Amino acid sequence: MVLLRYVQSSRIIPKTYYHYLDGVSRLLTKVDKSVQEQTAAETKSIGFDYQYYYFLYKMIQLETGQSIGYEVKDDVHIDKENGKLILIQLKHSIDTKANLTEKDGDLWKTISNWIKIINDKTQNRSNLANQVNYIKNTTFLLVTNKAETSTNKFIQLIRNFKNGTKKLSEIKDHLTQISTPAPGKDPSVVDSYISLLLAQNDDWLKAFIKNIDFLMSKDSLIDAIKTKIKEKNVIESRIDDVYESIDSNLRSLIYETVKSGKKVTISFDLYYKKFTKFYEMGGRRKKLIIRSHTPKKPVPVDHLEYTSIKQLVETEIIDKRDYDFYDELIRIFTDKLLMHNNEQRWLQDGEITDDELKEFNKLTIRKWKQVFDRIHASLKQELRRKELKDVDKDQLNALALNCYHDVLGIQLTLDETDLEVELSNGKFYLLSNQPVIGWVYDWQERYKKL
Amino acid sequence: MKSYVISTDSTFKESSSVDSIENNLYNNEMIGVLSLYFVMEKFPVMSPSKAMLILPLTTHNALVSYLNDSRTKVKGLEQLIVKKPEFFSNFNQRFYSLLELSINSILILIKLDLIKIDQDGQLRINSLSQSLFEDSKRPLLGKRALNIIQASSSIADLLVEENQNLYLQLRVKL
């Protein structure tokens, strides 16, 4: 079948859509494939592919001061702290027995891409010195799932050049030989790529060959990723969860970045900020358990002795002439007790610590203060020219009333749990009972015990 | 109204009055002293840094109950963390919150001559002193303390490993 031949050929399968090939390939004709190839090559579709997973794999190994890019300077690139750069090309073959031969199309397309990048005039690299300088600060890495083979003399020669056992001239001779077509035949595309390399200056070539590297048989990326996660001391049972969280969040991050027209570059700081939480000790209920059943208690007989009630009655915020006075009292005491009991329960169960509760109290008082100060701002200005005793009592009470109702609208949060209205209100009643907060302007003078 | 009664009783009810914003006395020096002493009875020589890990474990009621349950058999701290991550999710915060209490409790035990610090800086239980509280008087301590005493050998077993490993597993931020 035409299709099988297609799949088994050594042609580059555009990596953005090889996953379609697996299941759907049997249904495709050669014509359909070309169209798909076209559109896939043009779209920057982010899918589950080799390049992406390699990117993830390297991202979780970022060190301080490094950044990693996705389809910015190369398929994947890493900027190191010392100004050095690693350019990474990913080449995947779905043929699991594929070898990286010395005239492999992937290999030479990659090298030709790199040549173009190095000699890029627009990047101020049109003269030899700049080019060589750029090469010396860059590592060129080809990552592929194809396997190494002993028939690839080119790679052998590169290794030998690096350790000093072969000279550049030997590499050039060998390349010239393999790229010369048989008599009567035209040079192939790969031949032209090899010629392009051979056309470079010797100094250029020496620097380049020193800095070129290959990572072969690199597959099962997902296993490799999970191993890295484990190496960060994540316990076995959580590794899959951590992997899935990082994966889905990274994909969203890339999607949002590309959508807004920006380049996908992730610095160590950004990675640390956004992804550390997924490694954290898990199994934690996100929210505190709120116990809404509280033993019913009757409103205390001496309710008027409670400071929280005094603050309300003496400013006429609530009054026994109101039709719902007793209902209000019940509500106030119930809310207060509910909040107190929950707080105590959380403390005793070790769900929150004393310090967290103290912080919570401080924050709550701050929120009250914002409202209190806002409501009484004008009065405060007046009191620069007036005495408090000369202020109309009704005015003071009206301000207290507004303050009270505004504060009751505040929703509090403790340990990432939103406390709904009864608990939030209960907290303010508790605080107004000590009292550390109040409603009327001079609440401190009136109610605060010394 | 402030409550000054130090209680070892297991109580969910108001151990501090409704209107108090002062330090919660639920985790107090008495519980601290008892926890440390009874765990050290089973683990006679330990470094102070290991000792700091005891209170965050013993003051967690659910953890103590779980260890006391006859059905559970825990083979080590790592396994326990895997099985019951909810007991450890805020271990770091509990550790720092109880640090002062741990130190105070150690100092009290030293003053009471129940433990001492030897030349290597290790805490050593004083074998010459009698066991704290004879069995007949124990029920006076209250349920919570009794549960902790019952769990003390399990807790000692959890702390067998090297300190670095323990701190790493428990994710204490140093």
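Predicted model: local features only at pLDDT ≥ 70, side-chain atom pairs only at ≥ 80, totals over all residues.
Buried means under 20% relative accessible area; exposed means over 50%, and partly exposed lies in between (1.4 Å probe, protein chains only). In a regular strand the side chains alternate between the two faces of the sheet. Helices (H or I, at least four residues) and strands (E, at least two) are DSSP runs, numbered from the N terminus. Residues are numbered from 1 along each chain as its sequence is written, and chains are lettered from A in the order in which they are written. Local features need pLDDT of at least 70, side-chain atom pairs count only at pLDDT 80 or more, totals for chains, interfaces and linings use all residues, and side-chain values use heavy atoms, without hydrogens and water.

Ser67(A) is placed in strand E1 of chain A. Its relative accessible area is 16%, so Ser67(A) is buried. Apart from neighbours within four places in sequence, Ser67(A) is in contact with Leu62(A), His77(A), Ile78(A), Asp79(A), Thr265(A), Ile266(A) and Ser267(A). Contact means heavy atoms within 4.5 Å.

Strand E1 (residues 67–70) of chain A pairs with E6(A) in the antiparallel sense, over four bridges. Two strands pair if DSSP finds at least two bridges between them. In this pairing, Gly69(A) stands opposite Thr265(A) in E6(A). E1(A) and E2(A) also pair in the antiparallel sense over four bridges. Here the bridge partner of Ile68(A) is Ile78(A) in E2(A). The hairpin of E1(A) and E2(A) has five residues between the strands, and Glu71(A) takes a positive phi near 55 degrees.

These strands belong to an open sheet of six strands in chain A, in the order E5-E4-E3-E2-E1-E6 and with mixed pairing. Strand E5 (212–215) and strand E6 (264–267) of chain A are the edge strands, each pairing on one side only. On average, neighbouring strands of this sheet are turned by 20 degrees against each other, direction ignored.

Helix H4 (residues 50–59) of chain A lies across E1, strand E2 (76–79), strand E3 (85–91), strand E4 (138–144), E5 and E6 of chain A. H4(A) runs at about 170 degrees to E1(A). Axes are lines fitted to C-alpha atoms, for helices over the stretch in contact, and angles run from 0 to 180 degrees between N-to-C directions.

H4(A) also packs with helix H11 (residues 221–231) of chain A, at an angle of about 15 degrees and with the axes 10 Å apart. H4(A) and H11(A) are therefore roughly parallel to each other. Angles under 35 degrees count as roughly parallel, over 145 as roughly antiparallel, 65 to 115 as roughly perpendicular and the rest as oblique. From H4(A), Tyr50(A), Tyr53(A), Tyr54(A), Leu56(A) and Tyr57(A) meet Leu221(A), Ile222(A), Ala224(A), Ile225(A) and Lys228(A) of H11(A). The residues of this contact are nine nonpolar, no polar and one charged. Ala, Val, Leu, Ile, Met, Phe, Trp, Tyr, Cys and Pro count as nonpolar, Asp, Glu, Lys and Arg as charged, and the others, Gly among them, as polar.
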